[in-house]
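Dear colleague,

Please find the structure we spoke about below, followed by some notes on what was found in it. I would be glad if you read them with the coordinates open.

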Amino acid sequence: MPTNEKNHIETDNSPRRGRRVLFVCLGNICRSPAAEGVMRALIDQNGESALWEIDSAGTGGWHVGQLPDQRMRLHARRRGLELTHHCRQVREADFSRFDWIVGMDSQNIADLRALAPTPADERKILPMGRFLDPQTGYDHVPDPYYEGSEGFELVLDLLRDGCARLRRFIETKASTAAAEGCDAR
Ligand code: 4NP
């Protein structure tokens with residue numbers, strides 16, 4: 001981690017610039033680690049892992065240090081995804097470290113906005129709902145914690161399309177910014 005985090009993105013010429021993504025939900029044991037796993041698999045399949053940094057965190061701190069919920073891990077494993085993230089809470093410094101911070105629902109977005117240190121940091125916040133297939137009828141990724149299996153399947157279905165769209169959005173922004181020598185947002 002650079003000593004001057006505030007200037008990290010601006011002074012950084014790493015190939016990952018513009019492609020550092022943090023997924024955020026409430027508990028960081030269901031939706032955001034699933035999003036991290038889905039996105040990581042997409043990036044790996046495209047042979048682009050050297051170009052991306054992907055992580056997840058929760059607005060709440062109840063499960064810090066834990067692996068994802070075992071139901072989420074089971075449903076993800078059935079799709080070939082191993083979720084190995086250890087839960088952590090989102091912090092102010094994440095706004096310096098990441099280019100994009102993607103919230104799963106409107107409460108996550110409100111909590112992230114309250115945490116963002118500057119207006120420029122606030123512009124890094126993206127609602128995952130913006131990238132979901134409109135045909136699903138969902139404008140957010142619903143919390144599966146108190147749901148049955150279908151809730152976990154729904155999360156993975158929504159994220160499959162959503163992460164593909166998000167990847168294209170970020171790639172376009174990062175490539176354009178690199179060509180113009182400016183910031184991605
Ligand atoms: P997540 O789901 O935000 O998708 O990780 C939840 C996990 C745990 C809790 C709430 C939501 N909880 O209240 O402990």
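In these notes, helices (H or I, at least four residues) and strands (E, at least two) are DSSP runs, numbered from the N terminus. On that basis the protein has seven helices and four strands, and along the sequence they follow the pattern α-β-α-β-α-α-β-α-α-β-α. The radius of gyration, taken over C-alpha atoms, is 16 Å, close to the 16 Å that the globule rule (2.2 Å times the number of residues to the power 0.38) gives for 185 residues, so the protein is as compact as a globular protein of that length.

Please bear in mind that this is a predicted model, in which local features need pLDDT of at least 70 and side-chain atom pairs count only at pLDDT 80 or more, while totals for chains, interfaces and linings use all residues. Residues are numbered from 1 along each chain as its sequence is written.

Along its principal axes the C-alpha trace spans about 45 × 30 × 30 Å. Of the 185 residues, 42% count as buried, where buried means that 20 or more other C-beta atoms lie within 10 Å of the residue's own, exposed means 12 or fewer, and partly exposed is in between, with C-beta atoms placed from the backbone. If two residues are taken to be in contact when their C-beta atoms, placed from the backbone, lie within 7 Å, then among contacts between residues at least 6 apart in sequence, 72% join residues at least 24 apart.

Turning to the strands, two of them pair if DSSP finds at least two bridges between them. Strand β1 (residues 20–25) pairs in the parallel sense with β2 over six bridges, V24 having A57 as its bridge partner in β2, and β1 also pairs in the parallel sense with β3 over four bridges, where L22 stands opposite I101. I101 in turn stands opposite I125 in β4, and β3 and β4 (residues 125–127) are likewise parallel, with three bridges. Five of the six residues of β2 (residues 53–58) are buried, and β3 (residues 100–103) is covered on both faces, with W100 and V102 buried on one side and I101 and G103 on the other.

β1, helix α2 (residues 31–45) and β2 make a right-handed β-α-β unit; right-handed here means that, with the strands pointing away from the viewer, the path from the first strand over the helix to the second runs clockwise. Helix α2 is also, together with α7 (149–180), among the elements that cover the buried residues of α3, which are M72, R73, H75 and A76 in a helix of residues 70–77.

In α7 one finds R165, which is partly exposed because 14 other C-beta atoms lie within 10 Å. The C-alpha atoms of R165 and F131 are separated by 5.7 Å, although the two are 34 residues apart along the chain.

Finally, the ligand is surrounded by C25, L26, G27, N28, I29, C30, R31, W62, D143 and Y145, a residue being counted if its C-beta atom, placed from the backbone, lies within 6 Å of the molecule. By class this shell has six nonpolar, two polar and two charged residues, where Ala, Val, Leu, Ile, Met, Phe, Trp, Tyr, Cys and Pro count as nonpolar, Asp, Glu, Lys and Arg as charged, and the others, Gly among them, as polar. N28 lies in the loop between β1 and α2 and counts as buried because it has 29 C-beta neighbours inside 10 Å. Most residues other than glycine have a negative phi, whereas N28, not a glycine, has a positive phi of about 55°.

With best regards
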